[in-house]
Amino acid sequence: MICRTAYLSSASRNVGEADVADILSVSRRNNLAFGLTGMLMYHDGNFFQVLEGPADNVEACYERIASDPRHHNLIRLITREEEVRA
């Protein structure tokens, strides 16, 4: 089974293309090491992300994200087990 979680959050400051590129670069490296896949969207000061992978790794990643000062007001939309990745 694959764990899927999705959340919304608000940027703590103005986030530009360079900031998003940096987040994606670090995330891709870390996600590969922990068997995670997903999607990150940023628009008008808000993030939306979906993460999928082993449940423990998804939860550990979400906890790291929750402590990241670049955003706040996290709202977890779903967490559920799936048979396949989306």
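**Surface, salt bridges and a helix**

Me: Is I75 buried or partly exposed?
Reply: In this predicted model, I75 is partly exposed, its relative accessible area being 48%. The residue lies in strand β4.

Me: Which residues make the nonpolar surface patch?
Reply: L8, I75 and L77 make the patch, which covers about 250 Å².

Me: Changing topic, how many salt bridges are there?
Reply: The count is seven salt bridges. One of them joins the side chains of R4 and E82, at 3.3 Å from N to O. That pair links distant parts of the chain, with R4 in strand β1 and E82 in strand β4, 78 residues apart.

Me: Why does R4 count as buried?
Reply: R4 has a relative accessibility of 12%, and the cut-off for buried is under 20%.

Me: What about D68?
Reply: D68 forms a salt bridge with R70, and their closest N and O atoms are 2.6 Å apart. R70 is partly exposed, at 30% relative accessible area.

Me: Which residues do salt bridges with shared partners join into one network?
Reply: The network consists of R4, E52, R80 and E82.

Me: Now the helix: which residues of α2 are buried?
Reply: They are V58, C61, Y62 and I65. Viewed down the axis of α2, these buried residues fall within an arc of 100°, so they line one face of the helix.

Me: What covers them?
Reply: The cover includes β1 (2-11), α1 (17-34), β3 (46-53) and β4 (71-82).

Methods. Residues are numbered from 1 along each chain as its sequence is written. This is a predicted model: local features need pLDDT of at least 70, side-chain atom pairs count only at pLDDT 80 or more; totals for chains, interfaces and linings use all residues. Side-chain values use heavy atoms; hydrogens and water are left out. Buried means under 20% relative accessible area, exposed over 50%, partly exposed in between (1.4 Å probe, protein chains only). Helices (H or I, at least four residues) and strands (E, at least two) are DSSP runs, numbered from the N terminus. The arc is that of the directions from the helix axis to the C-beta atoms. Contact means heavy atoms within 4.5 Å. Patches are made of residues with over 30% relative accessible area and no salt bridge: like charges are joined within 9 Å, nonpolar side chains (Val, Leu, Ile, Met, Phe, Trp, Tyr) within 5 Å. Accessible areas come from the Shrake-Rupley method with a 1.4 Å probe; for residues, only the protein chains shown count as cover. A salt bridge is a side-chain nitrogen of Lys or Arg within 4 Å of a carboxyl oxygen of Asp or Glu.
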